[in-house]
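Student: I have a model open and would like to talk through a few of its local features. Could you take me through them step by step?

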Amino acid sequence: MSSTGPYTARQFNLSGLNGISDQTLEVHFKLYEGYVKETNKLTEKISEFIRDGNVDQDEMPAYSELTRRLGFEYNGMVLHEYYFDNMTSSGSGDPAKGSEFVKAAEASFGSYDIWKADFVGIGKMRGVGWAMCYQNPANGRISNHWITLHEIGNVAGFVPVLVMDVWEHAFLLDYKPAERPKYIEAFFSNIAWDAVEKRLKKITGVQSARA
Ligand SMILES: [Fe+2]
């Protein structure tokens, strides 16, 4: 983002996904737009507090509350962009053997199947949040993590490679609450592995430049 102005909600062309209805996507895009709006609103409100160059003692409670909420809204905005960007209506299921991602999974977990068991397992954890596969830019290793809500559990400096929303709003129009595994299966069939690989490649480039 080159501008310092407010964020603009992005558009995603995802209709026709397998097992995730257009209706679900419409609702989800609206929720995402809400995060963009709230991020902008909170940023603006916080800027009013700091405009005079000081957060006064009597301003501190309100300022603190807005700043805490900013972590929730900001991550809600960004994680949804990663999530929508790593899906496509022309998904092929699992990645091609010998692809960069499979190589990273083998190097980090021993095999793609073990990596997947971990990622899917995280996706089935109780509670609302996200299953995340990150790459550590320092050594190229990938690891999977659970994020509670949007902001608790993000690993600082790690790069999100594959992002799966497991809040119930992501699947409740298509599946029952107890059918999250079916949604996860549908999600996998829609993964845009080319987008995932691009996130990996960027990091590989940085590493080889350093070496
Ligand atoms: Fe969501």
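This is a predicted model: local features need pLDDT of at least 70, side-chain atom pairs count only at pLDDT 80 or more; totals for chains, interfaces and linings use all residues.

Student: Which side chain of opposite charge is nearest to glutamate 73, and how far away is it?
Tutor: Glutamate 73 is buried, yet has no salt bridge. A salt bridge would need a side-chain nitrogen of Lys or Arg within 4 Å of a carboxyl oxygen. The nearest side chain of opposite charge is arginine 69, at 6.8 Å.

Student: Which residues is glutamate 73 in contact with, leaving aside its neighbours within four places in sequence?
Tutor: Contact means heavy atoms within 4.5 Å. With those neighbours set aside, the partners of glutamate 73 are Tyr35, Glu38, Thr39 and Leu42.

Student: Now the second largest pocket: which helix gives the most to its lining?
Tutor: This pocket holds about 150 Å³ of space. Ten residues line the pocket, with Thr4, Gly5, Pro6, Asn40 and Thr43 nearest its centre. By class, the lining has three nonpolar, six polar and one charged residues. The most, four residues, comes from helix H1 (residues 22-50).

Student: What is the phi of leucine 149?
Tutor: Most residues other than glycine have a negative phi. Leucine 149 lies in the loop between strand E2 (142-148) and strand E3 (159-165). Although leucine 149 is not a glycine, its phi is positive, at about 55°.

Notes: Residues are numbered from 1 along each chain as its sequence is written. Side-chain values use heavy atoms; hydrogens and water are left out. On a 1 Å grid over the protein atoms alone, a cavity is a set of points where a 1.4 Å probe fits but cannot get out, and a pocket is an open set with protein on both sides within 12 Å along at least five of seven lines; lining residues have an atom within 4 Å of a point. Grid points are joined across faces, edges and corners, and a volume is the space filled by probe spheres set on the points. Helices (H or I, at least four residues) and strands (E, at least two) are DSSP runs, numbered from the N terminus. Ala, Val, Leu, Ile, Met, Phe, Trp, Tyr, Cys and Pro count as nonpolar, Asp, Glu, Lys and Arg as charged, and the others, Gly among them, as polar. Buried means under 20% relative accessible area, exposed over 50%, partly exposed in between (1.4 Å probe, protein chains only). Lys and Arg count as positive and Asp and Glu as negative; His and the chain ends are not counted.
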